[in-house]
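Please examine the sequence and the three-dimensional structure shown below. The paragraphs that follow lead through selected features of the fold.

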Amino acid sequence: MTGDLENSTLLRPGRNCWREARANRVAFLVDGAAYFSAFRAAAARARRSIFVLGWDFDSRIRLVPEGSSDGLPEALGDFLNALAKRSRTLQINVLDWDFAMLYAADRELLPVYKVGWRTHRRLHFRLDDAHPVGASHHQKVVVIDDAIAFVGGLDLTHGRWDTPEHRPDDTRRRHPDGGACPPFHDLQMLVDGEAAAALGELARERWRRAGGRKVHAATAARDDPWPPELTPDLTEVAVGIARTEPAFGDGAAVQEIKQLYLDAIGAARHSLYIENQYFSAGAIADAIARRLREEDGPQVAMISRCKDSGWLEETTMGVLRARLHRQLRNADRHDRYEGFYPHVPGLDDGYVNVHAKLLIVDDDFVTIGSANLSNRSMGLDTECNLAIAAGGDERIRGAIATLRRRLLAEHLGTSVEAVAQAERENGALLATIEALRKDGRTLKRLQPEVTAELEQWIDDGSIIDPERPVAPERLLSEFVPEDHRSSARGQLLLVGAVLVAFVALAAAWRWTPLGDWLAIDTVSRFAQNVQQAPAAPLAVLGVYVLAGLLVMPITVLVAATVLVFGPWLGVAYALGGSLLSAATTYGLGRLLGRNVVRRLAGGRLNRLSKRLGRRGLLTVVTVRMIPVAPFTVVNLVAGASHIGARDFLVGTLLGMAPGIAATVLFIDRIAAAIRDPSAGAIAIVAAVLVLVVAITLLLRRWLRRRGGADETGEQTAPRT
């Protein structure tokens with residue numbers, strides 16, 4: 001079914017948008033340099049409030065790499081802190097996704113400490129975990145004084161700053177740690193008036209849901225925070241605000257962005273111009289495929305990056321993109337579809353990371369926001385897009401057409417005027433692009449391919465890129481074959497891996513220099529020196545306490561203790577040190593209180609506290625034997641919860657004693673086998689390992705039957 005955008009606004013509150021509100025001014029900001037400088041200029045003029053909602057936030061970045069001239073600190077965190085100190089009426093709230101550990105290596109270390117604790121009391125920082133397991137808070141919204149608001153695909157974090165030139169040798173494109181960042185392309189829309197006030201309402205509600213205090217709307221400020229050097233691209237226009245929100249708690253699912261895309265695709269008459277980081281949303285691909293099969297359907301130009309970022313994305317989202325690309329190729333009976341990626345000479349194996357989330361239809365409609373063309377963005381993650389429909393207004397059509405030409409000019413290495421001239425000469429969108437493609441900087445055809453092995457291994461996207469929360473038992477059924485689901489075979493594989501590693505170590509010990517400088521007698525002499533030191537007991541206990549404060553793995557400490565002090569003293573020191581470390585961090589958690597521990601540990605872990613309080617002793621035993629979080633984090637959460645100190649310490653002792661005893665037995669047998677790596681010694685180690693695994697599995701199964709696993713917060717179905 002096709003529609004007519006020329007005489008329709010398309011936007012329908014309650015169907016494909018949350019609200020339609022008036023903006024006095026609208027600006028399209030292309031690439032990070034434009035957005036970051038505009039944000040800095042606007043934030044410096046804030047008087048009442050700044051709200052930042054993001055998927056990531058890095059306090060170390062310089063918004064203007066070459067340096068600003070406003071007299072304020074350059075680093076983002078210091079800049080915001082200075083603003084809070086400067087104005088007694090200004091409140092700053094930063095909301096960042098309570099991220100999965102998968103992304104920890106690419107994130108700023110301890111943002112809660114750096115932004116939430118070390119800064120002014122009117123600069124507030126929270127982690128957002130108010131979403132189902134596996135989902136993420138993905139909105140990129142900044143609202144200043146409820147007077148202006150930025151919405152798009154750009155977070156205030158590292159790796160986003162770039163200019164439309166995307167120069168390969170641009171030294172300003174740097175990570176805070178000093179490394180070079182690849183070229184990055186994205187978009188942000190700036191609005192004011194009623195639209196900004198509505199986005200302020202959205203930001204305050206998201207802050208409240210994430211556990212923050214209720215914040216009232218900002219009173220009108222005397223100064224206009226609109227960046228003074230920024231000329232609007234549009235004035236006096238209605239702006240639609242569309243959202244994606246998964247069902248969570250008492251909130252119902254919202255899929256306005258998905259419906260907005262479907263309605264816009266269905267209404268297209270001439271062209272769909274798309275820029276997006278991903279392309280894996282099955283419903284969107286199906287809608288485009290239907291239009292391609294029509295005799296007089298629209299042309300479709302898809303701009304994306306040439307390859308995905310890293311092995312993981314290539315073997316997951318890359319496979320899904322290749323499948324949908326093939327689906328559209330098969331549906332394209334009339335040569336009206338083409339995929340492209342920007343090519344910049346000099347990047348070698350690098351590429352422009354197209355991170356934009358844009359759709360332009362017939363130059364009558366545009367949407368810019370945070371939503372990727374992925375199933376997650378259509379239903380599982382939180383998203384926010386802005387949309388403008390011309391509805392027959394040539395003034396608005398002209399502004400949308402100019403934006404599209406700016407983007408094509410950037411990608412094709414030409415001017416806006418040259419794009420407009422090519423349109424007059426060639427008419428259709430794809431013919432215009434083809435006429436401007438050349439050597440050097442240009443758009444190259446996107447031809448994603450996958451191997452037959454990956455095709456078989458990767459699912460249909462319902463697990464990798466789900467539109468709704470996925471139950472844990474389904475993950476098991478998808479990724480683990482039915483004949484492998486019992487733990488026996490997995491444990492045998494573990495035993496085999498350990499034995500192989502042990503045999504390799506034994507061989508290295510006997511036939512390489514390793515045996516000379518790490519000989520048993522050398523290690524023994526070192527251990528004896530440590531044992532004979534008068535302060536050895538106090539030193540060991542102190543190391544356990546320090547290691548707990550530094551969140552070091554307790555298992556490593558136990559193993560080291562046994563190796564140095566032997567089985568009997570080792571058990572005593574390991575139990576004593578573990579209990580003292582647990583008591584210390586438990587006391588720290590009680591001292592800090594629940595709100596601080598929630599900010600430090602994350603909301604999902606903090607929900608353990610109520611469960612710990614209901615069945616304290618058994619639950620502590622359970623979390624020691626079935627760890628749901630690092631040793632230190634559990635201690636902090638327990639201290640900030642309702643659980644009593646006696647239950648905590650007794651439960652820790654009972655829960656850790658079997659593991660420590662098993663570690664002692666296993667390490668003692670390994671040490672003996674290293675001294676004499678005979679077949680009999682290896683067999684004893686294997687038998688001990690099998691025994692330890694079997695006892696551990698039996699204990700865990702018994703605890704789960706007693707309801708312990710449920711008390712730790714593990715779920716058999718996603719929260720809604």
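Is Asp145 buried or exposed? The structure is a predicted model, and in it Asp145 has a relative accessible area of 4%. Because buried means under 20% relative accessible area, Asp145 counts as buried. This residue lies in the loop between strand 5 (141-144) and strand 6 (148-152). Its backbone also deserves attention: phi of Asp145 is near 55 degrees, a positive value in a residue other than glycine.

With a relative accessible area of 0%, Asp31 is buried.

Gly251 and Arg209 are 42 residues apart in sequence, and their C-alpha atoms are 9.7 Å apart in space.

The aromatic residues come next. A search of the whole structure finds five aromatic pairs. One of them joins Phe57 and Phe125 in a tilted arrangement, with 6.2 Å from centre to centre and 50 degrees between the planes. Phe57 belongs to the loop between strand 2 (49-54) and helix 2 (76-86), whereas Phe125 is in strand 4 (residues 123-128); the pair therefore ties together parts that are 68 residues apart in sequence. Both phenylalanines, Phe57 and Phe125, are buried. Elsewhere, ring pairs link Tyr35, Phe36 and Phe150 into a cluster.

The cysteines may be considered next. A disulfide is a covalent bond between the sulfur atoms of two cysteines. The search for disulfides across the whole structure finds zero. Cys181 is buried, at 10% relative accessible area, and Cys384 is buried as well, at 0%.

Two packed helices are described by the angle between their axes and the distance between the axes. Helix 10 (residues 394-412) packs with helix 11 (residues 416-426) at an angle of about 105 degrees, and their axes are 8 Å apart. Since angles of 65 to 115 degrees count as roughly perpendicular, helix 10 and helix 11 are therefore roughly perpendicular to each other. On the side of helix 10, the contact involves Arg404, Arg405, Arg406, Leu408 and Ala409, which meet Val416, Val419, Ala420 and Glu423 in helix 11. The residues of this contact divide into five nonpolar, no polar and four charged.

Methods. Residues numbered from 1 in each chain as written. Predicted model: local features only at pLDDT ≥ 70, side-chain atom pairs only at ≥ 80, totals over all residues. Heavy atoms only, no water. Axes fitted to C-alpha atoms, helices over the stretch in contact; angles between N-to-C directions. Helix = DSSP H or I, 4+ residues; strand = E, 2+ residues; numbered from the N terminus. Parallel < 35°, antiparallel > 145°, perpendicular 65-115°, else oblique. Contact = heavy atoms within 4.5 Å. Nonpolar A, V, L, I, M, F, W, Y, C, P; charged D, E, K, R; others polar. Disulfide = S-S within 2.5 Å. Buried < 20%, exposed > 50% of the residue type's maximum accessible area, 1.4 Å probe, protein only. Phe/Tyr/Trp six-rings, centres within 6.5 Å; stacked < 30°, edge-to-face > 60°.
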